[in-house]
Amino acid sequence: MVKRKILVLSGKGGVGKSTFTAQLGWAFAADERAQVGHDTWYSILATENHSPKIGIMDVDICGPSIPTILGIANEQVHASSSGWSPVFVQDNLAVMSVGFMLPSSRNAIMWRGPKKNGLISQFLKDVDWGDLDYLIVDTPPGTSDEHLSIVQYLKESGIDGAVVITTPQEVAIQDVRREIDFCRKVGIRVLGVVENMSGFVCPGCKTESQIFKPSTGGARKLAADMDLELLGSVPLDPRIGKSADYGVSFLDEYPDSPATTAYLDIIDRKLGFPPLWRQLTLVFRY
């Protein structure tokens, strides 16, 4: 049984969807003592005796980056009598991606829609996820086959909401507007917008400068225009990319970074974890 299902979306590629998905998965899975309000849709119902069980499903069929970001790129999927076994980053964080099934990371995936749809269906029906508190779905750019498939296959059980990722510049914002329109047309609740690469923070002096200037108002104006909540803005820190390349948690490696503070603010205040969680979970388990 899967209690909650969250999509991470963006109409634009390269805005940090997979990185955000990975940090969200690590954070949600991090602490057994995480206590979440029971009166909200995002309740994990975690107690001191219950470690939240998290699944990440990578449906970016042609560009699967989740295995690399989570440090499990060399793992493979194994079949058992109960179905495919997901790859575990840690005991309570399971992952499924087509990246585990390729002979080499250099292999191109050249599939038309029906084959993509079939694999997504298998990820949902044939993978032995077990009981999950959260299933986080990392999606490719756009509003096409993979998005329509995941909405169709989860229609009966329901999708709890989507987090939409953007960067400040208009070239990204215009595609994100289309993604939000997609969500509304298919009936997915948009939980809010996250602005990635929102300024650059120097790791040495901690000063911030605007590299991608929000020429049309950025995510703040987008959220206001679309009547959505701006969940937060994550500054550009080059160590985020370094952590993704090495498959380690940025939140754990650089707890003093302003980007880490931004990530945790989004998770603490917007996606259900109370401020106490920040004090308890700066040590992550692998």
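This protein has 10 helices and 11 strands, where helices (H or I, at least four residues) and strands (E, at least two) are DSSP runs numbered from the N terminus. Keep in mind that this is a predicted model: local features need pLDDT of at least 70, side-chain atom pairs count only at pLDDT 80 or more, and totals for chains, interfaces and linings use all residues. Residues are numbered from 1 along each chain as its sequence is written, and side-chain values use heavy atoms, with hydrogens and water left out. Of the 286 residues, 52% are buried; buried means under 20% relative accessible area, exposed means over 50%, and partly exposed is in between (1.4 Å probe, protein chains only).

**The big picture**

- Take the contacts between residues at least 6 apart in sequence: 76% of them join residues at least 24 apart. A contact here means heavy atoms within 4.5 Å.

**The nonpolar cores**

- In soluble globular proteins, nonpolar side chains tend to be buried together.
- A nonpolar core is a set of buried Ala, Val, Leu, Ile, Met, Phe, Trp, Tyr and Cys residues joined through side-chain atoms within 4.5 Å.
- The largest one has 41 residues, and F20, F28, L70, V95, V163, V194 and V234 touch the most other members.
- Helix α1 (residues 17-29) gives this core its largest share, seven residues.
- Leave out residues up to four places away in sequence, and L70 touches A22, W26, I56, V89, V95 and G247.
- There's also a second, separate core of 37 residues, with V59, I159, A223 and L230 among them.

**Helix α5 next to helix α6**

- Two packed helices are described by the angle between their axes and the distance between the axes.
- Helix α5 (residues 170-186) and helix α6 (residues 218-225) have axes that come within 11 Å and cross at roughly 30°. Axes are lines fitted to C-alpha atoms, for helices over the stretch in contact, and angles run from 0 to 180 degrees between N-to-C directions.
- That angle makes α5 roughly parallel to α6; the label covers angles under 35 degrees, while over 145 is roughly antiparallel, 65 to 115 is roughly perpendicular and the rest is oblique.
- On the α5 side, the contact is made by I173, V176, R177 and I180, and on the α6 side by G218, A219 and L222.
- Sorted by class, this contact has five nonpolar, one polar and one charged residues. Ala, Val, Leu, Ile, Met, Phe, Trp, Tyr, Cys and Pro count as nonpolar, Asp, Glu, Lys and Arg as charged, and the others, Gly among them, as polar.

**Helix α4 and its neighbours**

- The buried residues of helix α4 (residues 145-153) are E146, H147, S149, I150 and V151.
- They pack against β1 (2-9), β2 (54-58), α3 (113-125), β7 (132-138) and α5.
- The axes of α3 and α4 come within 9 Å and cross at roughly 40°, which makes α3 oblique to α4.
- Residues making this contact include K116, I120 and L124 of α3, and D145, I150 and Y153 of α4.
- By class, the α3 contact with α4 has four nonpolar, four polar and three charged residues.

**Single residues to look up**

- L264 sits in helix α9 (residues 258-270) and is buried, with a relative accessible area of 4%. Its C-alpha atom is separated by 8.3 Å from that of L251, 13 residues apart along the chain.
- M197, in strand β9 (residues 190-201), has a positive phi of about 55° although it is not a glycine.
- D227 is also not a glycine, and its phi is positive, near 60°. D227 lies in the loop between α6 and β11 (230-236) and is exposed, with a relative accessible area of 70%.
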